[in-house]
Amino acid sequence: MSRWSEIRSWRSGAKKRRRLRDLEGALVVVTGAGSGIGRETALAFAAEGAIVVAADRDLETAQQTVALVDEHAANRGATAVFGGGAYAYAVDVADEDRVQRLASVVRAEHGVPDVVVNNAGIGYSGTFTATPQDAFEKVMDVNFWGVVYGCRAFAPMMIERGTGGQIVNLSSAAAFTPQKMLTAYATSKAAVYMFSDCLRGELVPHGIGVSTICPGIVHTNIVKTTGFAGVSAEKEAELQKKTDRFYDKRNYTPDRVAAQIVKAVKSGKSVLPVTPEARFGYVWNRIAPGGSRVAARFGLE
Ligand SMILES: NC(=O)c1ccc[n+]([C@@H]2O[C@H](COP(=O)([O-])OP(=O)(O)OC[C@H]3O[C@@H](n4cnc5c(N)ncnc54)[C@H](O)[C@@H]3O)[C@@H](O)[C@H]2O)c1
């Protein structure tokens, strides 16, 4: 392909992607849909009339999300009849075979997705020297490889279909806000950020956009399951409680993130820092990266 025809293909790709301004009847896959941002994202897309595949490691929680979609759909008249609906599946995003199997089942049962939200993720707190290798690998397996596996499973079928779509990858403000206590987590999210930047360039001619979502502090269940390096089980439980109280006080709810994810898909937004502290960190790291490196030296406690 010559340079000019390559550049022309970007325009035709952009045209294809624009159909997502209306999400009625679109097929949306959300991983980690059993809780927090994933659950609210599933509900938000369903409220737009999309058909939602809610996948989670914990099938029961994904089924609860589907029940919530159904509950809301009953009050939505025409949308409930002609569009919408949700289906629950179990998947461990850290296992590529299982992600591929999910993709095959989705294709066979529901079709090729228009939107894939690679949301499943876990928290982890601790300095590098306190973080055991297996804990670091687990964070990378879920938060980074889980996103890569999701893209590898769904992007080729979206390309083959040829009508465009959107991939949404959950990164974090931690991707551009270095902190000594978040080495593994921030590294996994920075990897998602750069992976998404590269993938976006590749998928433009196919009309498939990539949105990188970077939330700051959002009150979900994430802290309740976050591992803390180098502390006893009792101390870990205490730190989880303390951090959860802080997130609760911060009071930024996951439905607000979900609303912005839907907006980002409709408009084709590339990078979206969500919450004021994420927007501040995004700008600060660009205009004064030395300052954010100094801030990385401070602990969170
Ligand atoms: N809450 C925040 O402050 C915050 C900030 C920045 C980024 N994020 C990111 O947002 C995403 C959603 O987090 P949340 O805050 O809603 O957390 P959450 O704990 O409320 O929900 C995460 C969901 O992912 C599922 N999950 C975990 N590991 C999985 C796996 N291996 N396979 C499939 N499902 C799995 C969990 O069962 C859970 O339902 C994560 O990627 C997280 O890193 C969250």
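Helices (H or I, at least four residues) and strands (E, at least two) in these legends are DSSP runs, numbered from the N terminus. The model is predicted, so local features need pLDDT of at least 70 and side-chain atom pairs count only at pLDDT 80 or more, while totals for chains, interfaces and linings use all residues. Residue numbers start from 1 along each chain as its sequence is written, and side-chain values use heavy atoms, with hydrogens and water left out.

**View 1. Ser 125 in strand β5.** Here we're looking at a strand that covers residues 124–125, with Ser 125 in it. Ser 125 counts as buried because its relative accessibility is 10%; buried means under 20% relative accessible area, exposed over 50%, and partly exposed in between (1.4 Å probe, protein chains only). Setting aside residues up to four places away in sequence, Ser 125 touches Met 181, Leu 182, Thr 226, Gly 227, Phe 228 and Ala 229, where contact means heavy atoms within 4.5 Å.

**View 2. The largest nonpolar core.** This core has 39 residues, and Leu 102, Val 106, Phe 154, Met 158 and Ile 167 have the most contacts inside it. A nonpolar core, by the way, is a set of buried Ala, Val, Leu, Ile, Met, Phe, Trp, Tyr and Cys residues joined through side-chain atoms within 4.5 Å. Two or more residues come from each of β1 (27–31), β2 (51–56), α5 (96–109), α6 (133–161), α7 (183–203) and β7 (208–215). Helix α6 gives the largest share, at 15 residues. Zoom in on Met 158 and, leaving aside neighbours within four places in sequence, its contacts include Val 112, Pro 113, Ile 167 and Ile 208. A second, separate core of 33 residues has Ala 33, Ala 42, Ala 86 and Val 218 among its members.

View 3. The ligand is surrounded by 28 residues, the closest being Ser 35, Asp 56, Asn 119, Tyr 185 and Thr 220; a residue is near the ligand if one of its heavy atoms lies within 4 Å of it. Ser 35 puts a polar side-chain atom 2.6 Å from a ligand oxygen, and a backbone N or O atom of Asn 119 sits 2.8 Å from an oxygen atom of the ligand. On the nitrogen side, a polar backbone atom of Arg 57 is 3.2 Å from a ligand nitrogen. Taken alone, the ligand exposes 830 Å², and the protein buries 95% of that (Shrake-Rupley method, 1.4 Å probe). Helices α2 (36–47) and α7 are the elements that give two or more residues to the shell.

**View 4. Thr 65 in helix α3.** Thr 65 belongs to a helix running over residues 59–73, and Thr 65 is buried because its relative accessible area is 0%. A polar atom of the Thr 65 side chain lies 2.6 Å from the backbone oxygen of Ala 33. Beyond four places in sequence, Thr 65 touches Ala 33, Gly 34, Arg 39, Ala 42, Leu 43 and Ala 54.

**View 5. Ala 90 in strand β3.** Strand β3 takes in residues 86–90, and Ala 90 is part of it. With 35% relative accessibility, Ala 90 counts as partly exposed. The C-alpha atoms of Ala 90 and Arg 57 are 5.4 Å apart, though 33 residues separate the pair along the chain. Not counting residues up to four places away in sequence, Ala 90 touches Asp 56, Leu 59 and Arg 98.

How values were computed. A polar contact is a pair of N or O atoms within 3.5 Å; within protein, one must be able to donate a hydrogen and the other to accept it, and residues adjacent in sequence count only if both atoms are side-chain atoms.
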